[in-house]
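Could you look this one over with me before we talk?

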Amino acid sequence: MTNYKELIANMTLEEKASLMSGENFWNTKQIDRLRIPSIMLTDGPHGLRKQGGKADHLGLNKSIPATCFPTAATLANSWDLDLIQEVGSYLGKEAASEQVSVLLGPGLNIKRNPLCGRNFEYFSEDPYLTGKLAANMVKGIQSHGIAACPKHYAVNSQEHMRMTIDEVVDERALREIYLEGFRYAVEEGKPKTIMTSYNKVNGEYANENHHLMQDILYGEWDFQGVAVTDWGGNNDRVEGLKAGNQLEMPSTGGITDKEIVEAVQTGELQVEVLDEAVERMLQLIFETTNALQNTEKVDYEEHHQKAIEAARKSIVLLKNDKATLPLKKEQKVAIIGDFAENPRYQGAGSSLINPTKLDNALDALQATDLAIIGYEQGFKRFGGKSESLKKRALKLAQEADVVLLFLGLDEGSEAEGIDRADMKLRDNQLELVKELANVHDHIVVVLSGGSAIEMPFAEDVQAIVHGYLGGQGGATAIRDVLLGDYNPSGKLAETYALKYEDIPSAPYYPGLEATSEHRESIYIGYRYFDTKKVPVLFPFGHGLSYTEFAYSDLRVSEQSATFTIRNIGEVAGEEVAQLYIKPTNASVFRANKELKGFIKVHLEPGESKEVKIELDDHAFSYYNSFHHCWSIETGSYEIQVGSSIDDIRLSAVVEVQGDDTEHHYNKEALKPYYQADVHHIGDEAFHQLLGWTPPNPLWDRKAKLGYNDTIAQGKYKKGFGKLLYIVVLLAKKFLFFIRKPLLANNVMFVMNMPFRQIPRFSQGKISEKMVDRVLKLINFW
Ligand code: BGC
């Protein structure tokens, strides 16, 4: 860190405090007297959302055109570290060219449950994969001298009540699942900033949580940058600052700066703490401002091509019976489904990009020499019956040799601020595919959507291609895969369960009122399915290719695994080889196996390559929450290498000498955890695992509402509180009804916003006095 001590010595207390919060929605304050410039922070994470006019954090108002790359859920399927770094670099270049100092991304929360409304913005259910990808994205963005901002630290697992929910999670799951990705991102990516999440973690708001911030982020991981609140995610400003949250965004109209000044004057806050925060801010401001002196001009066409390439490498071929794909030139092709004409290519909310251009599959396919015999919309995008659309689609299908059926999740189903209600596609799409399958036996389903869905049609169709949310060039990438111009190489970064009820967190998700209990602990995604041997639709790491790969010659040690992969098919292709470690004689409960390495290799037909995967110092360990350390149990560990978690091709055993730190995991008391019986975790086992008794998960319905409560709690009030709640709820429902999901989300934001945020968010336009009056009125009944 450059020494800014002299500059700090020249600053008044008010000037120092002024750097601790925004000037407006996107910028920090400048101090002319000391030539300290203002810097801009902007979303993120898969494109630049720089707003020129009206500002908001939910994607309501337009931003300047920028390249919309595939979202994180999509890019993760590439398992391609170089690609992710390159995409990061393209993002960084666009941000720098627009004088943006901090790009708010990547998003790397763990997909605890497929219904989380923001899963499309996150990488995976697995922390190792998440962390490696995020670290590379950070490196790419920061290669332009600006800052990346990994978010949302930590355990931001649900959108429902995201500003107040208390995520109750045992220390082992916290470390092994929810923080591990952030650890890689911080230690390897070295981000200049990090964003704390809105929610509480084990009773304390994330940005005030000393354990998360001081012990782990600054202590263990040696984070050198600036921690910024999520927009409006500050609770007690002084406590946040003490915990190490330097920058509060957006502006609060100076309200919280004054609180900082007062806290120093009364001795509640040591000036040294403020000085350190100022030093970190100055470092960020000057470093990024310098980098913005010489930026390169962006060639948006080149960036569009990179977006296509990124989407191509991320498409997953889920099923391909009887070599239905690639399409053959002489086949008569029918294109059916609204998503062919109107691509669903990104999610909704603060990540909403205004793309520089937008490809659609219909145009892309029509521009080829395929024998396309027609296009039918097939169904209404937002649900509802239409016999005529269906009939026309069925008629067209009957005349075709192969049907390309474009299905997906619409814009209203996945959005920031709201979790999904179920894991299903809309009924009208399911009905159509069922009826098509009755009359046709060459159906290729092409999916779009940012998170896992149930596929009751999987058996009835011949091929399934998942493009996820492919960004502005996603449709062209799909065309390339359908035609065989690109051999698909994506692999799922999340498990596809047969049905929602199978999901390990299903009985506990989302937390509805005060807390969200993570009773399933470490058993997220494949860690549950693979351990409990529950059948799935498509396993973690699954993805087909138009060629085949053979694995041989595995040699292992504690440090690495070496093996050979050979392309035994007719066409060139890329394989993602995955390495899992299976403890064979663990005395603590553990997942059957865990991902600890992967590599993506390109092979020409007949070509073979020897590859090596290095194992890091967390490869064999678990987190011992009694002694608060990572620990290795001495014993045999199987190293398994394969093409997916369910397709292990090679395995070998290594004997590992561990530290055998004593632990208190008791097989009897924690029986359901030892048996991965996570759907039935009673209070006793969960409290035993936590080591403490969690608070009531429901709101205290009789308590008077205060600053940390929300309009949503008016539900249990009489009189004004109830009225306010009903009005906001009706507004949300109405906006959804008239197909304005983004506005509806904004309304939900208001519903779930703690009263304390109202004066700050309105920059003092609604005063604390006014809020006091509203609360008085609510509490009157
Ligand atoms: C989101 C963040 C985003 C911020 C600014 C918040 O609502 O949670 O991910 O970066 O807004 O738009």
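This is a predicted model: local features need pLDDT of at least 70, side-chain atom pairs count only at pLDDT 80 or more; totals for chains, interfaces and linings use all residues.

1. Let's start with the packing. The largest nonpolar core holds 161 residues, and Tyr 153 and Trp 231 are the ones that touch the most other members. Helix α6 (residues 171-189) gives this core its largest share, nine residues. There is also a second, separate core, with 65 residues, including Leu 318, Ala 397, Ile 478 and Tyr 496.

2. Tyr 153 deserves a click. Which residues does Tyr 153 contact once its neighbours within four places in sequence are left aside? The list includes Leu 179 and Phe 182, then the run Ile 194, Met 195, Thr 196 and Ser 197. Also among the contacts are Ala 206, Leu 212, Met 213, Ile 216, Leu 217 and Trp 221.

3. The largest cavity has a volume of about 180 Å³, and 16 residues line it. Arg 344, Ser 448, Gly 474, Ala 475 and Ile 478 are the lining residues nearest its centre. Ile 478 has come up already, as a member of the second core. Strand β13 (443-448) and helix α16 (474-483) each contribute at least two lining residues. By class, the lining has ten nonpolar, five polar and one charged residues.

4. The second largest cavity contains about 110 Å³ of space. Its lining has 14 residues, with Lys 111, Pro 114, Glu 125, Thr 495 and Ile 503 nearest the centre. How does that lining divide by class? There are six nonpolar, four polar and four charged residues.

5. Now the open space. The largest pocket has a volume of about 760 Å³ and a lining of 29 residues. Nearest its centre are Gly 412, Ile 418, Asp 419, Arg 420 and Ala 421. Helices α20 (719-737) and α21 (741-751) each supply at least two residues of this lining, so do check that part of the chain as well. The lining's classes come to 14 nonpolar, six polar and nine charged residues.

6. Last, the annotation. An unreviewed UniProt entry labels residues 575-645 as "domain: Fibronectin type III-like". In the model, this stretch is 0% helix and 59% strand.

Key: Residues are numbered from 1 along each chain as its sequence is written. Side-chain values use heavy atoms; hydrogens and water are left out. On a 1 Å grid over the protein atoms alone, a cavity is a set of points where a 1.4 Å probe fits but cannot get out, and a pocket is an open set with protein on both sides within 12 Å along at least five of seven lines; lining residues have an atom within 4 Å of a point. Grid points are joined across faces, edges and corners, and a volume is the space filled by probe spheres set on the points. Helices (H or I, at least four residues) and strands (E, at least two) are DSSP runs, numbered from the N terminus. Ala, Val, Leu, Ile, Met, Phe, Trp, Tyr, Cys and Pro count as nonpolar, Asp, Glu, Lys and Arg as charged, and the others, Gly among them, as polar. UniProt positions are given in the numbering used here, feature names are shortened, and annotations may be inferred rather than shown by experiment. A nonpolar core is a set of buried Ala, Val, Leu, Ile, Met, Phe, Trp, Tyr and Cys residues joined through side-chain atoms within 4.5 Å. Buried means under 20% relative accessible area, exposed over 50%, partly exposed in between (1.4 Å probe, protein chains only). Contact means heavy atoms within 4.5 Å.
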